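Hi,

Here is the structure I promised to pass on.

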Amino acid sequence: MIQYQEAIGRVLFAALILLPAAVWHWSAGRSQRRGSTFFGARVEPGFAESDAGRAISRTFHLRLWLIAIAMAAMAQSGLVETLILNLTTVSAAGWIAFALAHRRTRQQASATAVPAARVASLMAAPESPWLTALDWVAMIVPVTAPTATLIILAQYGTGFSEQFLSRHYFSAVYTLSIGLMCSANQFALRYRSRPSDWASDPGASHKYRTYLGVMIAAVFTIIGAKTCALTLMDFRLTVPWLRNWSMSGYFLITFPLAALWLFGVWRMKWWLSRHLATESVDPMPDACWKGGLFYFNRQDPALVVPARSGVGFSYNYARPSVCVVIVVILAFSIAAVVR
C-alpha cells in the first residue's frame with residue numbers, strides 16, 4: 001500500500017511539473033489568439049498560418065516541452081526535489097520561450113494599423129449583486145487557511161525547537177503572502193481596472209473580471225490549503241482535534257478534492273475562452289508590452305488590463321504598488337527555494 005501511494009505521488013508530482021507547460025501550450029494556441037496578435041505582437045492577417053508563423057510556433061513548443069520534460073525527469077531521479085523550484089523553472093521557461101517567439105514575430109511580421117479600442121469579451125450579461133459577493137469571497141477565502149494556521153502555531157507551538165517552528169512559520173507566512181496576492185488581484189480586477197477594457201456591457205465586464213479572478217484564486221487556494229494541512233500534520237500530537245489526522249487520510253481527502261477543484265477551474269477557463277471576443281485587439285503600441293506579456297505604461301492609471309492575447313490579464317508594471325507586491329512575492333519564493 002505504501003509503495004502504491006509513493007508511485008501515485010511520483011506520478012502526480014511529475015504531472016504538477018508538466019502542468020505549467022500544458023497551460024503555456026494551451027494559452028499560446030490558435031483558439032486563444034485575439035484579433036491580429038500572434039505571441040503578443042500585432043501582425044498582418046494570415047501570418048499565424050504562414051510558414052514563418054508555423055515555424056515560430058514549433059520552436060516555441062519545442063523549447064517549452066524540452067525544459068518541462070527535463071525538469072520532470074530530474075525530479076523523478078531525485079536531482080531536483082523541490083516542487084516550488086520545478087514549477088518556477090517550467091513557468092520561467094514558458095515566459096522566456098514566449099518572449100523569444102514575440103521578438104521573432106516582430107522581426108518577421110509586418111505590423112498592422114493601431115486599433116481604436118480594447119475589448120476582451122463581447123458577451124451580454126445583466127449586472128448582478130451576487131458577483132460583488134463572489135468578489136469578496138475571492139478576496140477573503142485565499143487568506144483563511146494560512147491565517148488559521150498561524151493562529152494554531154502561535155497557540156500550540158510551545159515546546160518545539162526554534163528551528164522547527166521557524167520552518168513551519170515560514171511556510172505559513174509564505175502561503176499567506178500568496179493568498180494576499182490573490183486577494184489584491186481580485187480587488188484590482190474589481191476596483192482598479194477600466195470596465196470598458198473587458199466588455200462594452202457593464203454587467204458582462206463585471207462577470208468576466210470576477211470569473212477571471214476567481215479562477216486564479218481557486219488554484220492558489222487549494223494549493224495553500226494543502227500546504228497548511230501538511231504544516232499542521234507535524235502538530236497533530238499536541239493539538240487535540242488534530243490527533244486523528246493521518247497521511248493516508250490526507251491523500252484520500254485532498255487528491256479527490258483537488259481533482260474536483262481543478263475540474264471546476266478548467267470549466268471556468270473553458271467558459272471564459274468561449275466568451276472571448278477573438279476579433280478584439282489591443283490599442284496599445286507593441287512597446288508597451290515587454291516580451292508580449294508584461295504591460296508597462298506610465299501614462300495608464302489602471303493596475304490591470306486584459307492580456308494581449310487569450311484569456312487572462314496583465315498587471316501594469318509601471319505602477320509602484322504592483323512592483324512592491326511582485327518584489328515581496330519573489331523574495332518569499334527565492335527564500336522558499338533556498339531554505
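Phe39 is buried, at 4% relative accessible area (buried means under 20%, exposed over 50% and partly exposed in between, with a 1.4 Å probe and protein chains only). Before I go on: this is a predicted model, in which local features need pLDDT of at least 70 and side-chain atom pairs count only at pLDDT 80 or more, while totals for chains, interfaces and linings use all residues. Residues are numbered from 1 along each chain as its sequence is written, and side-chain values use heavy atoms, with hydrogens and water left out.

Back to Phe39, which sits in the loop between strand S1 (37–38) and strand S2 (41–42). Helices (H or I, at least four residues) and strands (E, at least two) are DSSP runs, numbered from the N terminus. Phe39 has a phi near 50 degrees, a positive value in a residue other than glycine. Together with Phe38, Phe47, Phe60 and Phe98, Phe39 forms one aromatic cluster.

**Ring pairs**

The whole structure gives 15 aromatic pairs. For the cut-offs, rings of Phe, Tyr and Trp (its six-membered ring) pair if their centres lie within 6.5 Å; planes under 30 degrees apart are stacked, over 60 edge-to-face, and the rest tilted.

Phe60 and Phe98 are edge-to-face, because their ring centres are 6.3 Å apart and their planes stand at 85 degrees. That pair links distant parts of the chain, with Phe60 in helix H2 (residues 51–77) and Phe98 in helix H3 (residues 83–108), 38 residues apart. Phe60 is buried at 1% relative accessible area, and Phe98 is buried too, at 6%.

Phe187 and Tyr191 make a tilted pair, 5.1 Å centre to centre with 45 degrees between the planes. Both lie in helix H5 (residues 162–191), four residues apart, or about one turn of the helix. Phe187 is partly exposed at 39% relative accessibility, and Tyr191 is partly exposed at 36%.

**Gly94**

Gly94 is in helix H3 and is buried, with a relative accessible area of 0%. Which residues does Gly94 touch, not counting those up to four places away in sequence? They are Trp24, Phe60 and Leu64, where contact means heavy atoms within 4.5 Å. Gly94 and Ala21 are 73 residues apart in sequence, yet 6.7 Å apart in space, C-alpha to C-alpha.

**Cores**

A nonpolar core here is a set of buried Ala, Val, Leu, Ile, Met, Phe, Trp, Tyr and Cys residues joined through side-chain atoms within 4.5 Å. The largest one has 24 residues, and Trp198, Tyr208, Leu212, Leu272, Val304, Val311 and Phe313 have the most contacts inside it. H5, H6, H7 and strand S6 (313–315) each supply at least two residues of this core, and H6 gives the most, with six. A second, separate core has 18 residues, including Ile56, Ala68, Met71 and Val90.

**Second largest pocket**

The lining of this pocket has 15 residues, and Ala229, Trp245, Tyr250, Ile253 and Thr254 lie nearest its centre. Helix H6 (202–233) and helix H7 (247–274) each supply at least two residues of that lining. A pocket is an open set of points on a 1 Å grid over the protein atoms alone, with protein on both sides within 12 Å along at least five of seven lines, where a 1.4 Å probe fits; lining residues have an atom within 4 Å of a point.

Cheers
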